[in-house]
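These are my notebook entries on one protein model, written down in the order in which I looked things up. I keep the sequence and the structure open beside the page while I write.

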Amino acid sequence: MTVSRESSLHRFFLNLWYQKTEKRHFVAYLLLPLTWLFRSIAVIRRWQTSKQAQLLTVPVVVIGNITVGGAGKTPVVIALAKALNAKGFKVGVISRGYGSQHDGADPPNRSLLVTAVTPVKQSGDEALLIAQETLSPVVINRDRVSAANYLLKEFPEVQVILSDDGLQHYRLHRSMEIVVVDGQRGIGNGLCLPAGPLREPVKRLKSVDWVLINGQQQSTVAKQLHEALADIIPSEKTAPITLKPEKWLQIKTQQIFALQPFPWSLLPENQESTQSERHKKIRNITSVAAIGHPQRFFQTIKSLGISTETLAFDDHHAYKMEDFHNIQDEIILMTVKDAVKCTAFANDQWWALKVAVNLPEALVNDVIDTIQST
């Protein structure tokens, strides 16, 4: 059974936006005048801010998307940072820090260095996850130019900056743009906000360096999207990626366990348990997600052969113990992005699924070429 605690307005717009083009809801057409207004303002803003773009002393690689909602960009940022670090490059990351208390800080141009031990309320979930996974310096600021300048001031050895999102932050000069597209939902009804999920028209993809389609190998939608993109950018700059399940993280202890056998099915050492207790422990499992596209996580759990109840929250939901009162005696599975917000109150039956991204080697080489040519 799927339970959703997403706001009704959030669900309404997701249902409105992510319909096939030929089945657009009539409300989408009613919103078109607002879309035209939004696009006009966005074009003027882009023109104005592009003229103010600041060139930094190191290349900036933006990893973002053109749709509202999760597409898998943060795992791509993490994978790219790890790949570059492994080849000896010093990587820094900037982010808005969405969902953090610092996101609304006063003054608004104040930057915050996020480390692996920064409280999640200060950092936001994505920035903290990146800091923990990559061990690279991460700086958050609503103004990404200020974030980049602060990062370079504090860490002059950094050779490349990865921007987690910020595709539409045109005051930030960028050397490369990588767009991640949801391989299941695609570009929805193909319309711009608020009639559709697009932040910019799909033709914006003509000017980016790479388009990564998350989940193409498992989705007919992604294959259709790939064919549509063939007329927009060269096929060699379009690639499928998958978020491959890798390990289990016990959230309370931060211990890492192999993907199989499922660690919650193993009895702790020196602890006896009756067969009925063991059966109950294995049977009552709930998958929880507060990400842009919760169904992607739920489907991943199902693909591992795990049957669970599911519980979805709004993206970046600030978890509290009260959210789990009805399921606190069960095994809970969640993403690592969710897990960073639950470490303080998780019990030993809460687990996070760690995933790895299969980045194209050509993309990593392109970034390296950009670094070395700067």
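**Entry: helix 4 and helix 6**

Which residues in helix 4 meet which residues in helix 6? Before answering I note that this is a predicted model, in which local features need pLDDT of at least 70 and side-chain atom pairs count only at pLDDT 80 or more, while totals for chains, interfaces and linings use all residues. Residues are numbered from 1 along each chain as its sequence is written, and side-chain values use heavy atoms, with hydrogens and water left out.

I looked up the contacts, where contact means heavy atoms within 4.5 Å, and found that Lys73, Thr74, Val77, Ile78, Ala81, Lys82 and Asn85 in helix 4 meet Glu126, Leu129, Ile130, Glu133 and Thr134 in helix 6. Sorted by class, this contact has five nonpolar, three polar and four charged residues; here Ala, Val, Leu, Ile, Met, Phe, Trp, Tyr, Cys and Pro count as nonpolar, Asp, Glu, Lys and Arg as charged, and the others, Gly among them, as polar.

Two packed helices are described by the angle between their axes and the distance between the axes. Helix 4 covers residues 73-86 and helix 6 covers residues 125-134, and I read an angle of about 25° between them, with the axes 10 Å apart. That makes helix 4 roughly parallel to helix 6, since angles under 35 degrees count as roughly parallel, over 145 as roughly antiparallel, 65 to 115 as roughly perpendicular and the rest as oblique. The axes are lines fitted to C-alpha atoms, for helices over the stretch in contact, and the angles run from 0 to 180 degrees between N-to-C directions. Helices (H or I, at least four residues) and strands (E, at least two) are DSSP runs, numbered from the N terminus.

**Entry: helix 4 and helix 12**

I then turned to helix 12 (residues 361-373), whose axis comes within 11 Å of the axis of helix 4 and crosses that axis at roughly 60°. That makes helix 4 oblique to helix 12. In this pair Leu80, Ala83 and Leu84 in helix 4 meet Leu363, Val364, Val367, Ile368 and Ile371 in helix 12, and by class the contact has eight nonpolar, no polar and no charged residues.

**Entry: Glu126**

Leaving aside its neighbours within four places in sequence, I find Glu126 in contact with Lys73, Thr74, Asp164, His316 and Lys337.

**Entry: backbone angles**

Most residues other than glycine have a negative phi, and most peptide bonds are trans, and with that in mind I searched for exceptions.

- Leu135 has a positive phi near 60° and is not a glycine; Leu135 is found in the loop between helix 6 and strand 5 (138-140), and counts as exposed because its relative accessibility is 69%. The C-alpha atoms of Leu135 and Asn85 are separated by 9.6 Å, although the two residues are 50 residues apart along the chain.
- Asp165, also not a glycine, has a positive phi of about 70°; Asp165 lies in the loop between strand 6 (160-164) and strand 7, and counts as buried because its relative accessibility is 14%.
- The peptide bond from Leu193 to Pro194 is cis, with omega near -5°, and Pro194 lies in the loop between strand 7 (176-182) and strand 8 (210-214).
- Gln260 and Pro261 are joined by a cis peptide bond with omega of about 0°, and Pro261 is in the loop between strand 11 (255-258) and helix 9 (275-283).

**Entry: helix 10 and cysteines**

In helix 10 (residues 294-303) I listed Pro294, Arg296, Phe297, Phe298, Thr300 and Ile301 as the buried residues. I also looked for disulfides (pairs of cysteine sulfur atoms within 2.5 Å) and found zero in the structure. Cys192 is buried at 7% relative accessibility, and Cys342 is buried at 0%.

**Entry: the whole protein**

I ended with the totals: the protein has 12 helices and 15 strands, and buried residues make up 51% of its 374 residues. Of the contacts with a separation of 6 or more, 74% are between residues 24 or more positions apart.

Definitions and conventions
Buried means under 20% relative accessible area, exposed over 50%, partly exposed in between (1.4 Å probe, protein chains only).
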